Amino acid sequence: MNTVVDTALIQSLDSAHFLHPFTDFKDLSSRGARVITRAEGIYVWDSEGKKILDAMSGLWCVNVGYGRKALADAAHQQMMTLPYYNSFFQTTNVPAVQLAAKLASLAPTVGDRSFQHVFYSSSGSESNDSNVRMVRRYWDLLGQPQRKVIISRHNAYHGSTMAGASLGGMSGMHAQGDLPIPNITHIEQPYFFENGKPGETADEFGVRAAGWLEEKILAVGPNKVAAFIAEPVQGAGGVIIPPATYWPEIQRIVDKYGILLISDEVICAFGRLGHWFGYEKFGYKPDLVTFAKAVTSGYIPLGGVMVGNRVAKVLIEQGGEFNHGYTYSGHPVACAVALANIGIMEQEQLPQKVHGEIGSYFAQRYAELNDHPLVGLAETCGFVGGLVLVKNKKTKERFKDDDGVGMVCRGHCFGNGLIMRAVGDRMIIAPPLVMTRSDIDEMMRLIYLALDLTQRDLKARGLL
Ligand SMILES: Cc1ncc(COP(=O)(O)O)c(C=O)c1O
């Protein structure tokens, strides 16, 4: 396929017509967007021919890597057979059914929680809207309509629809559009590096951070709380990995007050943490599990919710008609691609790889970054990694927001052919799960290079 494009023309059409997500439109227009034209394996290329190692898997999506013909073939075949049909009026389609059964077989039972049912959408945001609808319906059906409040966390990301952005804890999003919507409230995130007290261990902090949930439940009134929603590891918030004690204590608290637990695994499922689902990694028992992104490795939009037995039983046996759904719920082409994608993950044992030797190698190499003078703490969980850039390693002194250190570092990453994301002063990665040892070595070489160049710039600006 010809991927040669007229960059200037595409950029001018882009700024004339395309309003990008999470973008300052005027600013982008003055610079011109980077035009990505093709991809293969773990690399993408731009319209100027620059080859870039994509250590973010697109946007935490492309777990099986780029250029997988099997996924294109699955889409082609399904489009020629049945490109679309809805699943509203007592109809179904083969790929949607097969995928639901497959997902049910992959989602492990934990304690008394099992997952036999799937509700489909086309994105993570929509799936979290569906969660809000299901949670409220569940409590209505149980005769507790006053249980409306959903507790989430500051700096969480749960999407960009009205409910998704409200569930999320991003202050910049709340500031635009009068969010959160009513009955959604937030507690502090389990970010030990920032919120741990002097002398406190990570494990002690984990218990204390989980305790904020209990405090909030008591403040709201236990009989008004419907659910707690959280990502196993916060992704878009900067890869915030909770201490080992956090999730067990959260489980104890949600059990104590009987509230539903929603595990938003839009990033953490499908091998990302070394398991099919993120809750397996931490061993907690969610009632609803949000998925999207890597279910198709991002090749085509698909999202959904794994509905646990506790909620499914009530919705199915007592619910009558559930007045909620989407035109593309159970889209046959998206489901066919997801089946092919999961087939690749099974065949190549990608979750096992991340859980095993290659994941350990990544963890070991990434941990070496802790010796770099600019790095306050570098941590991984499965195939996600985060690090915080600091002014002073010993005192943990941070840079000011205005210093824009993350953006400086991100610029050097891109300049040298690496996509690493900046979230404030945190640099994060989520590489494709197909990475080999030598791919990891190459990625680390580029990360070190970017850190060294960032250090040089910060010294030149008198910030170090
Ligand atoms: C944890 C989490 N939930 C929800 C979403 C929203 O997904 P989408 O952008 O597909 O609506 C994201 C997106 O990054 C996410 O990371």
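How many residues surround the ligand, and which are the closest? In this predicted model, 15 residues surround the ligand, and the closest are S123, G124, S125, G159 and V266. Helix α6 gives the most to this shell, with three residues. By class, the shell around the ligand divides into eight polar, five nonpolar and two charged residues.

Helix α6 also takes part in a helix-helix contact. It spans residues 124-141 and packs with helix α13, residues 309-318, at an angle of about 65 degrees, the two axes being 10 Å apart. Angles of 65 to 115 degrees count as roughly perpendicular, and α6 and α13 are therefore roughly perpendicular to each other. The crossing in which α6 passes α13 is left-handed. On the α6 side the contact is made by M134, R137, Y138 and L141, and on the α13 side by V311, V314, L315 and Q318. Sorted by class, the contact of α6 with α13 has six nonpolar residues, one polar residue and one charged residue.

Helix α5 (residues 94-106) and helix α14 (residues 332-347) pack at an angle of about 40 degrees, and their axes are 8 Å apart. That angle makes α5 oblique to α14. Here, too, the crossing is left-handed, with α5 passing α14. The residues P95, A96, Q98, L99 and K102 in α5 meet P332, C335, A336, A338, L339 and I342 in α14. The class count for the contact of α5 with α14 is nine nonpolar, one polar and one charged.

The next level is the division into domains. The protein chain is divided into domain 1, made of 34-64 and 351-460, and domain 2, which covers 73-347. What distance lies between the C-alpha centres of domain 1 and domain 2? These centres lie 27 Å apart. Across the boundary, 26 residues of domain 1 are in contact with 23 residues of domain 2. On the side of domain 1 that touches domain 2, the elements that give two or more residues are the helices α3 (57-60) and α15 (350-355) and the strands β11 (375-381), β12 (384-392) and β16 (426-429). By class, this side of domain 1 has 15 nonpolar, nine polar and two charged residues.

Technical notes. Residues are numbered from 1 along each chain as its sequence is written. This is a predicted model: local features need pLDDT of at least 70, side-chain atom pairs count only at pLDDT 80 or more; totals for chains, interfaces and linings use all residues. Axes are lines fitted to C-alpha atoms, for helices over the stretch in contact, and angles run from 0 to 180 degrees between N-to-C directions. Helices (H or I, at least four residues) and strands (E, at least two) are DSSP runs, numbered from the N terminus. Angles under 35 degrees count as roughly parallel, over 145 as roughly antiparallel, 65 to 115 as roughly perpendicular and the rest as oblique. A crossing is left-handed if the near helix is turned anticlockwise from the far one by less than a right angle, and right-handed if clockwise. Two residues are in contact if their C-beta atoms, placed from the backbone, lie within 7 Å. Ala, Val, Leu, Ile, Met, Phe, Trp, Tyr, Cys and Pro count as nonpolar, Asp, Glu, Lys and Arg as charged, and the others, Gly among them, as polar. A residue is near a molecule or strand if its C-beta atom, placed from the backbone, lies within 6 Å of it. Domain bounds come from an automatic or database domain assignment.
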